[in-house]
Amino acid sequence: MNAVLVIVRNAMSKSSEAKKRLKPNKPARSYKKDKKFMVLASEGGKKKLIHFGQKGYKHNYSEGARKSYRARHKCDTKKHSKLSAAYWSCRTWESGRPKRTRK
């Protein structure tokens, strides 16, 4: 029981630390083991910490791969909220290679 409580507290502290140091709407590297980026999304007075991006992806950011991804996820037709991972993922795949950010 205590081990579960420690894990939950540890995850909460990482989340609160990230919220303090991140600038709103600026993606950064994620601390989660299975996600590549995180962003403190801010829209309409609401703030939310969002993790997005598959960590194991092999960096194929070619024009064809970018076009296929955006078509598969309907990035141009759907209207996403800034508070969704889909918005940030589509924005990352918009043009060029995603910026590498420091940890």
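Asp-76 counts as exposed, with a relative accessibility of 63%, in this model, which is a predicted one. Its side chain takes part in a salt bridge with Arg-70, where the closest N and O atoms are 2.6 Å apart. Arg-70, by contrast, is buried, its relative accessible area being 13%, a value that falls under the 20% limit used for that class.

**Salt bridges**

The count of salt bridges in the model comes to two. Side chains of opposite charge can pair when their charged atoms come close. Besides the pair formed by Asp-76 and Arg-70, there is a salt bridge between the side chains of Glu-63 and Arg-66, with an N to O distance of 2.8 Å. Glu-63 and Arg-66 both belong to helix α2, which runs over residues 63-72, and because they are three residues apart in that helix, about one helical turn separates them. Glu-63 is exposed at 58% relative accessibility, whereas Arg-66 is buried at 8%.

The two pairs are set out below.

| Glu-63 | Arg-66 | 2.8 Å |

Three strands make up an open sheet, in the order β1-β2-β3 and with antiparallel pairing. Strands β1 (28-29) and β3 are the edge strands, and since each has a single partner strand, one side of each is left without a neighbour in the sheet. The pairing of β1 with β2, which spans residues 35-43, is antiparallel and rests on two bridges; in one part of this pairing, Ala-28 has Met-38 of β2 as its bridge partner. Helix α3, residues 85-92, packs on the sheet and touches β2 and β3, and the direction of the helix makes about 55° with that of β3.

**His-51 in strand β3**

Strand β3 covers residues 46-54 and includes His-51. This histidine is buried, at a relative accessible area of 14%, which counts as buried because the value is under 20%. The side chain of His-51 is joined to that of Ser-30 by a polar contact of 2.7 Å. When neighbours within four places in sequence are left aside, the residues in contact with His-51 are Ser-30, Tyr-31, Lys-32, Lys-35, Phe-37, Met-38 and Ala-85. Among these, Met-38 is also the bridge partner of Ala-28 in the pairing of the strands, so that His-51 touches a residue that takes part in the β1 and β2 pairing.

Methods. Residues are numbered from 1 along each chain as its sequence is written. This is a predicted model: local features need pLDDT of at least 70, side-chain atom pairs count only at pLDDT 80 or more; totals for chains, interfaces and linings use all residues. Side-chain values use heavy atoms; hydrogens and water are left out. Helices (H or I, at least four residues) and strands (E, at least two) are DSSP runs, numbered from the N terminus. Buried means under 20% relative accessible area, exposed over 50%, partly exposed in between (1.4 Å probe, protein chains only). A polar contact is a pair of N or O atoms within 3.5 Å; within protein, one must be able to donate a hydrogen and the other to accept it, and residues adjacent in sequence count only if both atoms are side-chain atoms. Contact means heavy atoms within 4.5 Å. Axes are lines fitted to C-alpha atoms, for helices over the stretch in contact, and angles run from 0 to 180 degrees between N-to-C directions. A salt bridge is a side-chain nitrogen of Lys or Arg within 4 Å of a carboxyl oxygen of Asp or Glu.
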